[in-house]
Amino acid sequence: MDNIIEQNNEKLRGNPVALRKEKVVTMIKKIIGFMNLDCQVEVREEGGTESKATVVSIYTPDNVRFIIGKNGQNLKALEHLVRAVVSKNSDNQNIVVDINDYKKSRASFVVDTAKQAVSRVRNTQKAEVLTPMSAYERRIVHMELASYPDVVTESVGDEPQRSIVIKPYP
C-alpha cells in the first residue's frame, strides 16, 4: 500500500491540490479500513477566492452509526484528524467531513426543530431553550433564524452543553 502511495505522489508532485486530495482519500480509506468497513471517498473544493473549503464526502453501505458515533462525536474526531494532517503542509483551510450525508440531514433536522420552537415562542411569548448542539449546528440555527424579525437567538452555557435560547423580540 505504501508503495502505491509513493507512486501516486510521484505523479502528483507538481499539483499540490491533487496531492492533498489523494492524501486525504488514502488516509480516510486506511482509517476506515482498520474498522473492516468499505467506503467510497470524494474530495472537492467549494467556495470562492476568500473562503475555500475542502469537502470530504464518505459513502459506505456498512454500519455508519459506528463511524458517526453518538451525536457525531466520531465524525468530529475524524474531521479533526483530517484537518491536522492536511493543514500540516498547507494553509489553514476549512475542511468538512461528511458520512452518507449525515451532516446535511442533521442540519435540516436542527433547523426544523428550531422553526418549531419559534412557533411555540410566538404563541407563548416565553423564551425556549433548545437541546445542546455543536458550534456548527448552533451557527446554522443562528443564521436561519436571523431572518425572523420577531425572535432573537442567543447561545448560552459551556461546551459541550452549550445551547441556543430563542426569545421573543421585545
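Buried residues make up 32% of the 170 residues in the protein chain, where buried means under 20% relative accessible area, exposed means over 50%, and partly exposed covers what lies in between (1.4 Å probe, protein chains only). The model is a predicted one, so to speak with caveats built in: local features need pLDDT of at least 70, side-chain atom pairs count only at pLDDT 80 or more, and totals for chains, interfaces and linings use all residues. Residues are numbered from 1 along each chain as its sequence is written, and side-chain values use heavy atoms, with hydrogens and water left out.The secondary structure of the protein chain comes to 6 helices and 6 strands. Both are DSSP runs numbered from the N terminus, with helices (H or I) needing at least four residues and strands (E) at least two. Read from the N terminus on, the order is α-α-β-β-α-α-β-α-β-α-β-β. As for contacts (heavy atoms within 4.5 Å), residues 24 or more positions apart account for 51% of those in the protein chain with a separation of 6 or more.

Next comes the helix packing. Two packed helices are described by the angle between their axes and the distance between the axes. Helix H2 (residues 16-34) and helix H4 (residues 73-88) have axes that come within 10 Å and cross at roughly 140 degrees. The axes here are lines fitted to C-alpha atoms, for helices over the stretch in contact, and the angles run from 0 to 180 degrees between N-to-C directions. H2 passes H4 in a right-handed crossing; a crossing is left-handed if the near helix is turned anticlockwise from the far one by less than a right angle, and right-handed if clockwise. On the H2 side the contact is made by Arg20, Lys23, Val24, Met27, Ile28 and Ile31, and these meet Leu78, Leu81, Val82, Val85 and Val86 in H4. The residues of this contact of H2 with H4 divide into 9 nonpolar, no polar and 2 charged. In that tally, Ala, Val, Leu, Ile, Met, Phe, Trp, Tyr, Cys and Pro go down as nonpolar, Asp, Glu, Lys and Arg as charged, and the others, Gly among them, as polar.

Valine 85 gives a residue-level view of H4, the helix it lies in. At 30% relative accessibility, valine 85 counts as partly exposed. Leaving aside neighbours within four places in sequence, valine 85 is in contact with Lys23 and Met27.

Strand S6 holds lysine 167, which is partly exposed with a relative accessible area of 32%. Beyond the neighbours within four places in sequence, lysine 167 is in contact with Val121, Ala127, Asp150, Val151, Val152 and Glu154. Lysine 167 and arginine 122 are 45 residues apart in sequence, yet their C-alpha atoms are 8.8 Å apart in space.

The loop between strand S5 (151-156) and strand S6 (163-168) is where proline 160 sits, and a cis peptide bond joins this proline to glutamate 159, with omega about 0 degrees. Glycine 157 is found in that loop between S5 and S6 as well, and counts as partly exposed at 39% relative accessibility. From glycine 157 to proline 132 the C-alpha distance is 8.9 Å, at 25 residues apart in sequence.

Most residues other than glycine have a negative phi, and most peptide bonds are trans. Asparagine 71 has a positive phi near 55 degrees; its place is in the loop between helix H3 (64-68) and H4, and at 63% relative accessibility it counts as exposed. Glutamine 125, not a glycine either, has a positive phi of about 60 degrees and sits in the loop between helix H5 (102-124) and strand S4 (128-129).

Arginine 139 lies in helix H6 (residues 135-145) and, at 55% relative accessibility, counts as exposed. Arginine 139 is 25 residues from isoleucine 164 in sequence and 9.8 Å away in space, C-alpha to C-alpha. Lysine 103 lies over the face of tyrosine 136, at 5.3 Å from the ring centre; a charge sits over a ring if NZ of Lys or CZ of Arg is within 6 Å of the ring centre and within 35 degrees of the ring normal. The count of aromatic pairs comes to 0, under a rule in which rings of Phe, Tyr and Trp (its six-membered ring) pair if their centres lie within 6.5 Å, with planes under 30 degrees apart counted as stacked, over 60 as edge-to-face and the rest as tilted.
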